[in-house]
Amino acid sequence: AQNYIKDMFTDLKDGRKLLDLLEGLTGKPLPKERGSTRVHALNNVNRVLQVLHQNNVELVNIGGTDIVDGNHKLTLGLLWSIILHWQVKDVMKNIMSDLQQTNSEKILLSWVRQSTRPYSQVNVLNFTTSWADGLAFNAVIHRHKPELFSWDKVTKMSPVERLENAFSIAKNHLGIEKLLDPEDVAVQLPDKKSIIMYLTSLFEVLPKQVTMEDIREVETLPRRYKQECEAGEFSMQQVCLSSNPAFLSLSYQDSSRAETPSTVTEVDMDLDSYQVALEEVLTWLLSAEDAFREQEEISGDVEEVKEQFSTHEGFMMELTAHQSSVGNVLQAGNQLVAQGNLSPEEEFEIQEQMLLLNSRWEELRVESMDRQSRLHDMLMELQKQQLQQLSDWLTVTEERIQKMESQLLAEDLESLQKQLEEHKSLQSDLEAEQVKVNSLTHMVVIVDESSGESATAILEEQLQRLGERWTAVCRWTEDRRVKLQEIQLLWQELLEEQCLLKAWLTEKEEALSKVQTSNFKDQTDLSVNVRKLAILKEDMGMKRQTLDQLNELGQDVAQILGNGRASSKIDQDQEELTQRWDSLVQKLEDYSNQVFTSCLHFWSLKAQVVNLTVLLLLSHTD
């Protein structure tokens with residue numbers, strides 16, 4: 001019961017419960033200072049940060065004083081880092097190992113997109129806005145457990161009802177506690193960490209199959225910054241830095257010459273309070289120095305440098321946030337010396353302390369600004385290389401397109417298939433370049449006060465030109481793909497229909513050749529052959545429309561191809577079919593005339609026989 005936490009921000013201040021938590025997670029005993037002073041609390045919290053660092057837990061801009069002071073945002077950030085490392089990454093460690101991936105968010109997003117792909121109403125792009133309407137949560141569960149609820153019913157619910165449905169199903173059937181309230185998720189921008197934590201619980205209990213193809217798909221998704229990039233366009237993230245650093249050099253002032261700034265109240269300073277404040281600032285400064293030295297060497301990869309730049313920007317902001325604390329301690333020391341109530345030894349000690357604090361602060365400030373400058377130079381150079389690489393690639397590709405455009409479309413279907421393969425090669429190169437283009441959609445440009453907006457004008461113009469060229473290449477490639485596929489389908493249809501009509505004509509020609517046109521044995525024999533001719537005429541009448549449609553299809557294919565030889569071949573094939581058709585029609589007409597003549601002759605003979613029989617009968621009667 002003694003480990004229960006009633007108030008997270010208050011109960012974690014002394015660091016002891018955090019050390020208890022880490023003991024359970026690491027399985028190692030961690031000593032704790034039991035004193036109740038701030039120094040004891042700082043030592044405990046610093047030990048917590050040290051243990052987290054030893055376990056490769058990523059912490060950004062979180063210091064011991066932040067936790068001891070009960071800073072809500074940074075305390076929650078510390079807890080999230082612990083959850084991310086020991087819960088989220090632990091759940092995914094096997095699949096991360098199999099895929100050789102270190103980014104758990106990328107794997108989780110890949111799994112979600114793969115799970116929700118069959119649901120047309122769901123398109124998950126992030127861990128915030130994509131979840132607000134509740135459809136994505138339900139889709140993930142329904143994909144793996146469709147027997148638990150009706151998807152159609154879910155689509156008709158309100159966002160809050162959908163979220164309540166998903167969380168209830170997950171609790172009752174999957175054993176996942178309701179970690180989220182629907183009302184907190186059905187907002188314009190849900191909390192990313194909360195969404196990830198809940199999805200990790202789903203990931204743990206549901207089937208999981210993530211492939212490198214799924215990972216690559218996520219890598220090509222547009223990245224979101226303060227303003228989302230419009231599809232197909234380039235944009236820049238501008239990081240504005242003042243030419244005069246936001247945090248200034250803090251100088252130690254000798255008491256014999258120093259005047260207390262007007263912002264400091266003239267009151268008697270307490271030596272113990274000064275020493276406590278000095279210890280807190282030095283503790284923070286020590287951790288900041290360690291954090292600075294632990295930053296990796298500047299990379300040669302543009303995406304890694306962007307991450308390094310962002311991380312260091314956060315570090316610089318932390319320095320800015322603590323500048324007043326350092327300045328206050330120096331002011332307090334100056335004020336104590338100025339009051340004249342110290343012994344010579346105490347005054348000398350304070351002078352030494354202020355010299356040490358000021359020199360270490362100044363050294364860290366200068367080194368940090370130098371790293372920021374080097375990161376900036378490297379980032380701009382790498383992005384410049386990216387732009388040049390894309391420009392060179394576009395030039396080569398545009399020449400390639402011009403060559404393809406100058407070629408006539410294929411003379412036959414086999415040649416057309418080769419052109420399609422060549423076009424697929426262009427598409428593959430385009431898709432490969434898309435990854436690099438995605439990187440350019442979130443370029444980082446540093447603007448200082450001396451250059452202002454003019455610093456980005458040339459780059460914006462260059463980006464616009466490259467964007468227009470890229471769009472033109474993409475549009476041409478897609479239009480040509482559609483055209484080639486359309487021709488292929490029409491041409492295949494034409495050849496198949498021609499083949500079918502040829503077979504049909506052969507069949508009818510053979511049938512006509514078997515029709516008897518004279519020397520009928522009897523009336524039945526005559527009727528059978530007349531019937532055959534009638535059937536052939538009827539079939540020909542019904543098939544005439546097919547021949548007309550085939551001629552129209554041939555004309556369409558020839559017109560689209562625009563190739564003289566191919567058009568001549570198509571016209572020749574159509575002419576042969578037409579001639580065979582006309583020949584068959586003429587033969588059918590000739591056969592019909594012959595049968596008609598034979599019919600007249602047959603019935604004439606039959607009439608003569610009847611007349612002779614009558615005469616014989618009359619003669620016999622006489």
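Me: What makes K424 and E421 about one helical turn apart?

Reply: K424 and E421 are 3 residues apart and both sit in helix α16 (residues 413-440), so about one helical turn separates them. Keep in mind that this is a predicted model.

Me: Why is the contact between K424 and E421 called a salt bridge?

Reply: The cut-off is a Lys or Arg side-chain nitrogen within 4 Å of a carboxyl oxygen of Asp or Glu. For K424 and E421, the N to O distance is 4.0 Å, so the pair makes it under that rule.

Me: Why do K424 and E421 count as partly exposed?

Reply: Buried means under 20% relative accessible area and exposed means over 50%, with partly exposed in between. K424 comes in at 44%, so it's partly exposed. E421 has 42%, so the label is partly exposed there too.

Me: How do you know that D69 and R38 form a salt bridge?

Reply: Their closest N and O atoms are 2.6 Å apart, and the limit is 4 Å. This pair links distant parts of the chain: D69 is in the loop between α4 (64-68) and α5 (72-99), while R38 belongs to helix α3 (residues 38-54), 31 residues away.

Me: What puts D69 and R38 in the partly exposed class?

Reply: Again, the class lies between the 20% and 50% cut-offs. D69 has 46% relative accessibility, so it's partly exposed. R38 has 26%, so it gets that label as well.

Me: What makes E280 and R38 a salt bridge?

Reply: The N to O distance between their side chains is 1.9 Å, and the rule asks for within 4 Å.

Me: Which residues are linked in a network of salt bridges?

Reply: D20, E23 and K32 are joined that way. Altogether, the structure holds 20 salt bridges.

Me: And what does the chain look like as a whole, in terms of helices and strands?

Reply: The protein chain has 19 helices and 2 strands. Of its 622 residues, 40% are buried, where buried means under 20% relative accessible area. The chain exposes about 35,300 Å², and carbon and sulfur atoms supply 50% of that.

Me: How much of the contacts with a separation of 6 or more comes from residues 24 or more positions apart?

Reply: Those residues account for 75% of such contacts in the protein chain.

Technical notes
Residues numbered from 1 in each chain as written. Predicted model: local features only at pLDDT ≥ 70, side-chain atom pairs only at ≥ 80, totals over all residues. Heavy atoms only, no water. Helix = DSSP H or I, 4+ residues; strand = E, 2+ residues; numbered from the N terminus. Buried < 20%, exposed > 50% of the residue type's maximum accessible area, 1.4 Å probe, protein only. Contact = heavy atoms within 4.5 Å. Areas by Shrake-Rupley, 256 points an atom, 1.4 Å probe, with all protein chains shown as cover.
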